[in-house]
Amino acid sequence: MPWTSYSGRQRRARHSQLHLYSGIFVLLAAGSTLLLLGVPDEKHLSVYSNAANYSLPVTERNGSDYVGLLELFEPLGTVTSKTGGGGHWKFRYYEVESEFTAGKTRVKVRGKEFDLPANFLLENGRGLVPLASLETLLPRILGGPVTFHSSALRLFIGNVAVHFTAQMSKTDSTKLVMDFTSPVNPAISTEPGKIRMVFAHEPLVAPGTQSLTFDSKTIPSASYEERNGAAEIVIASSVPLLATFANDGRTIVLGPPPATAAQTPQPNQPAPQASAPPQMLASTGPAAIRSRQIVIDPSHGGEERGAVLSDQLVEKDITLAFARRLRLELATRGITALLLRDADNTLSLDQRAATTNAIHPALYICLHAASQGNGVRLYAPLLSGPGENRGPFLDWNSAQAGFLPNSQVVQAALAAELQNRRVPVRSLTAALRPLNNVSAAALAVEIAPPGDDASQLDSPSYQQLIAGALAAGITAARERIEAGQ
Amino acid sequence: MIPRHLVISVAVMLGIALGMGFYVWHMRGRVISGAASNRPVMPPVSGPTEQVTLYVAYDDAGVVRPVQARIPLPVGRQQRAEELLQALLGVYLDKSSPHPLGMGSEMRAVFLVDPGLAVIDLNAAFADSHRSGVLVEELTVASLVQSLTANVPGITRVKILVDGKERETLAGHADLSGFYDASSVNQLVAQMASGQ
């Protein structure tokens with residue numbers, strides 16, 4: 001039959017079909033484009049329970065946020081589901097049965113019916129419930145209390161909340177002591193005038209008030225906020241702060257580094273800016289290493305992960321592990337060491353240098369890790385000129401100049417100790433910040449695996465071998481510098 | 001009932017769409033891989049060749065070694081500097097590179113600023129795809145700076161930019177915020193070679 005003989009109805013039908021197939025074609029093209037360009041980030045729901053803390057992707061349907069019921073319950077216990085005819089979906093959590101119908105709000109849990117705030121959805125056997133229903137639906141299935149912080153996408157199942165108190169130390173008015181009811185491990189980052197702690201995995205909840213004030217010029221206030229599935233505590237400060245953990249992670253003490261703490265902040269003193277201070281006050285010159293601390297800087301941290309060493313190892317974690325071992329090794333030799341970061345927090349290079357210079361340490365040692373090569377590489381600072389020092393002020397970019405001889409002494413001592421222990425070692429110079437900004441003997445240590453296997457960097461015995469050699473080298477350097485003076 | 005010719009035409013359209021998609025995907029892969037492997041080892045400059053010393057980084061030994069090469073060089077200092085570094089990048093982007101750089105690594109330009117300052121402008125892919133580590137980044141920087149200062153007289157300091165902007169580090173380690181002093185880098189290259 002020729003197509004011209006189609007009736008008007010047939011032509012309309014044909015046009016509709018043509019539109020349908022054109023639409024499919026356009027969708028295919030759009031889909032391909034999306035695949036090539038990538039998809040936007042998903043929202044996630046953080047779930048805290050006694051069984052597990054986890055996060056789930058949130059799906060948007062018809063303008064509402066949904067979450068998969070199976071995914072939500074699987075980490076909590078035994079779940080099964082069964083899809084029946086007519087969009088009927090049965091869900092079983094241990095002995096509790098629930099019945100849902102696709103496109104309907106009415107559900108039945110434990111034999112009792114009630115309505116969800118939006119329709120239940122069924123996609124490929126996967127039941128989706130609206131986020132807004134969680135606070136009413138889950139207690140009926142679980143038989144226990146559930147608290148949902150909808151604006152922050154945080155769901156608390158049972159009494160799992162971690163509470164905290166914050167107060168200025170009774171013995172040192174410059175220190176803020178935060179006590180938590182369970183161990184915590186926040187990501188800590190610093191900004192000019194504030195320190196931010198993000199609790200992504202802990203069910204932390206607000207204290208009585210979201211804003212806290214303290215009778216302290218050093219730390220005047222703190223605030224609590226929840227967003228994007230995490231809790232945040234932001235502490236305002238007039239000086240750079242160091243966070244130290246105690247009591248198995250249940251206590252965080254925030255305070256100025258020791259040298260800064262000794263200098264009580266003046267009321268009119270402006271808050272130091274962490275970004276690129278152009279000049280700094282000169283220290284009184286290199287003093288005996290025995291009388292002062294060692295600053296250990298585990299490089300990278302927080303958002304800045306450093307080199308990817310293997311499928312499972314990133315540089316920031318290895319440097320922190322080595323730093324902790326080195327601190328312990330130094331402590332057994334009677335040398336006090338301070339870690340610039342003792343958690344997974346972000347510090348800028350300028351912040352690392354400024355904090356170190358405020359402490360006036362005997363030695364600054366920054367730790368790096370690499371998968372290339374093997375053994376240990378020691379880097380003394382590579383200076384590009386004497387800098388423009390004016391009176392008591394040192395040029396920020398060449399503050400190291402006056403301390404370079406001591407840096408080289410430490411480098412030689414560490415190399416000798418590593419060679420004694422048959423660890424392959426190279427001594428080089430490097431333009432590696434913040435070495436040049438540090439007004440103390442300064443050295444960078446790059447630890448490579450003993451062989452080709454980068455996973456050996458995570459080996460406790462290898463870490464112990466290197467940490468022991470470095471600690472012995474630092475002890476020997478102390479004696480050499482003292483002998484030179 | 002869907003007319004047969006409509007089914008056929010839609011099937012043809014789908015076939016064309018899939019075919020075009022496959023062709024675009026195929027060509028995209030060729031363009032990307034071409035950037036890495038089809039880059040000329042020597043710069044495409046005609047004219048008489050000159051012998052130069054390229055300072056080439058070797059990852060296995062962790063050193064920068066002088067390598068003699070004959071490449072066509074223009075007369076102008078700035079053009080010479082650019083051709084020289086293009087030749088060096090050609091070595092690194094070759095399949096048998098002793099110090100592989102990431103896909104799409106390019107040098108955008110070299111500017112000679114009197115007195116004695118050279119500015120190397122790398123593209124973002126150079127830094128973004130560079131392997132991270134103190135030594136591996138230092139080898140790259142030392143190789144670029146030493147090759148330039150050894151072959152173009154009068155350069156005493158070198159500054160490295162990425163996409164025309166200052167960047168804190170190359171790939172998390174080597175400092176790009178300051179200037180590299182030619183004599184300091186020369187000593188560093190010698191120090192590496194001495195096997196310390």
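Strand S9 of chain A pairs with strand S10 (residues 126-130) of chain A in the antiparallel sense, over three bridges. Strands here are DSSP runs of E with at least two residues, helices are runs of H or I with at least four, and both are numbered from the N terminus. Two strands count as paired if DSSP finds at least two bridges between them. Leu121(A) has Leu128(A) in S10(A) as its bridge partner.

The model is predicted: local features need pLDDT of at least 70, side-chain atom pairs count only at pLDDT 80 or more, and totals for chains, interfaces and linings use all residues. Residues are numbered from 1 along each chain as its sequence is written, while chains are lettered from A and ligands numbered from 1 in the order in which they are written.

S9 and S10 belong to an open sheet of seven strands in chain A, ordered S9-S10-S3-S2-S1-S12-S11, with mixed pairing. Its edge strands are S9 (121-123) and S11 (146-149) of chain A, each of which pairs on one side only. Neighbouring strands of this sheet are turned by 30° against each other on average, direction ignored. Axes are lines fitted to C-alpha atoms, for helices over the stretch in contact, and angles run from 0 to 180 degrees between N-to-C directions.

Helix H3 (residues 134-142) of chain A lies across S10, S11 and strand S12 (154-157) of chain A, and runs at about 160° to S11(A). Contact between two residues means that their C-beta atoms, placed from the backbone, lie within 7 Å.

Helix H7 (residues 404-420) of chain A has 17 residues, which should span 24 Å at 1.5 Å a residue; its end C-alpha atoms are 24 Å apart, which agrees. The expected span is 1.5 Å times one less than the number of residues. H7(A) is followed by Arg422(A), whose phi is positive, near 60°.

Between the chains, 31 residues of chain A are in contact with 31 residues of chain B. The elements giving two or more residues to this side of chain A are listed below.

| Element of chain A | Residues |
|---|---|
| Helix H1 | 8-37 |
| Strand S26 | 376-381 |
| Strand S28 | 425-430 |
| Strand S29 | 441-447 |

H1(A) gives the most, with eight residues.

The predictor gives the complex an ipTM of 0.76 and a pTM of 0.56. Over residues 32-43 of chain B the pLDDT is below 50.

Terms used
pLDDT = per-residue confidence, 0-100.
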